[in-house]
Amino acid sequence: MSWLFVLVAQLRQFIVPLLALLVFGQGDRNELWPLIGVGVLALVSLWQYFTYRYGVADDALVVRSGLLERSVRVIPFARIHNVALQQSVLHRLFDVAEVRLESAGGKKPEAEMRVLRLDDALALEALVRRRGRAAAAMPAGTDAATALLELPTAEVLRLGLVSNRGLILVGAAFAGVSQFNRDLIPQLFERWGGALFGWAGEHGFGPTQYLLAGASLVLLAVLLLRLLSVVLALLQYHGFRLSEHGRRLTVERGLAARWRTSASRRRIQAWTLREGLMHRWLGRRSLEVDTAVAEEQNQQRALREVAPIATPARCRALIDHLLPRARWDALEWRPVPPRSWWRRWLPSIPLTALAAAVLAWHFGGVGLLALAWLPWSAFVARRHAARAAWALGPELVAVREGWLARHWRFAELDKLQALHLVRSPLDRRCGTATLWLDTAGASPMAPPLRLRFLPLAEVEVLYARLSREVARRPLRW
């Protein structure tokens, strides 16, 4: 049945134009001509099923495919950084799974088995884990599974409350619909606004009633988006379980579709501890990691979230367990000079002035009220500068930033790949510098690992010390 799963995967590309054509009666019908090729793809996938084989050599996985054009791929177990198992609803119905074997730096998986029986997929994952342990010369008997974190339903509901997945989904839906009918969304808003204001005018609404109605609508929209975020969190994180098998971490999650991935602890390159405003209200934090696995667009397969949501004490316990030599609680945090606040405030001045000029040109003197943003942005910059700090331990370098939304970004010294000391013209004028610390596999959504607005002499000393440490330590990734 491999051809069926490939066929379904190809049909996903045509769902949006099909819906636009069926629901709205519009869209370019020429975009549906590639559907003819879907049948050809199904035949090709069936051909691939009969010619695809994989086997195990001494220290490598061998994948053979093709009949007329043959290929043999040898993948050493020591090169496999991540094993990802995915089960859609269709996979779970047939008790099969899709397996991807990832390595560092590759845009595509080293090997991809679209359909394996679930027991075969789990056996392959265990084999990779076993052979990887042997390649790392780890003692036997270290493969027992240990649960590190499990999220009950109440925690998953909290995760939905602190996340913005509902807003992201709504934005993606608007963007997708606008590609096929640009006038649809403006027309919907125009009709909805006309009906709403017409109803309000018939009932003689005054300014106070309009203000209350607007606030009620905003509150209703926020509640609906949070409800959607909670539903998405239940679908994606139900049954979340973080476990440890020897030196490998395994994450399982999902309600309808199941997702399972595992990676060696030594493949973790950097860590991010997050705490938003809603996190603090609920007494929670989130812990994420970067692994040295490159991913294609919209194909998140690597292990990212170690603790999607947990108490601060639980996050600290996970860090202490996974980084026992880092001594996270014993780090000595050094604050960034508080006078650097104006450097953070400076970029908002021209942007606010430009916005005020445009609004004043359209609406007259009322548009100058946009300049009231400057005092608030100055206050925010002061708060950011007051909380910013950095720390350097015997095994770890860390930075702390943020005010309402806070984060801690840190990495082991033997995971640093490059140091970059940067001085802008303003830095040379103020006698400061910025030190960038690069690691492999950094997520574009993760905050940068950098030390900003520090005195030049301090940065040079730190740069020299880290350079010596990086030079004498072997790179572990």
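Where does Asp-95 lie, in terms of the elements α4 and β5? It sits in the loop between α4 (89–94) and β5 (96–102). The structure here is a predicted model, in which local features need pLDDT of at least 70 and side-chain atom pairs count only at pLDDT 80 or more, while totals for chains, interfaces and linings use all residues. Residues are numbered from 1 along each chain as its sequence is written, and side-chain values use heavy atoms, with hydrogens and water left out.

Helices (H or I, at least four residues) and strands (E, at least two) are DSSP runs, numbered from the N terminus. Of the chain's 477 residues, 41% are buried; that label means under 20% relative accessible area, with exposed being over 50% and partly exposed in between (1.4 Å probe, protein chains only). The accessible surface is about 26,200 Å², and carbon and sulfur atoms hold 62% of it. These areas come from the Shrake-Rupley method with a 1.4 Å probe, and for residues only the protein chains shown count as cover. Among contacts (heavy atoms within 4.5 Å) with a separation of 6 or more, 58% link residues 24 or more positions apart.

Next comes the sheet. Seven strands form an open sheet in the order β6-β5-β4-β10-β9-β8-β7, with antiparallel pairing. Its edge strands, β6 (111–117) and β7 (145–150), each pair on one side only, and the twist averages 20 degrees from one strand to the next. Two strands count as paired if DSSP finds at least two bridges between them. At one end of that order, β7 and β8 (241–245) pair in the antiparallel sense over five bridges, and Glu-150 has Arg-241 in β8 as its bridge partner. Helix α11 lies across β7, β8 and β9 (248–253), and runs at about 150 degrees to β7. For such angles, axes are lines fitted to C-alpha atoms, for helices over the stretch in contact, and the values run from 0 to 180 degrees between N-to-C directions.

Most residues other than glycine have a negative phi. Asp-95 is not a glycine, yet has a positive phi of about 60 degrees, and this residue is partly exposed, with a relative accessible area of 46%. Arg-327, also not a glycine, has a positive phi near 55 degrees. This arginine lies in the loop between α11 (312–322) and β14 (334–335), and Arg-327 is exposed, at a relative accessible area of 52%.
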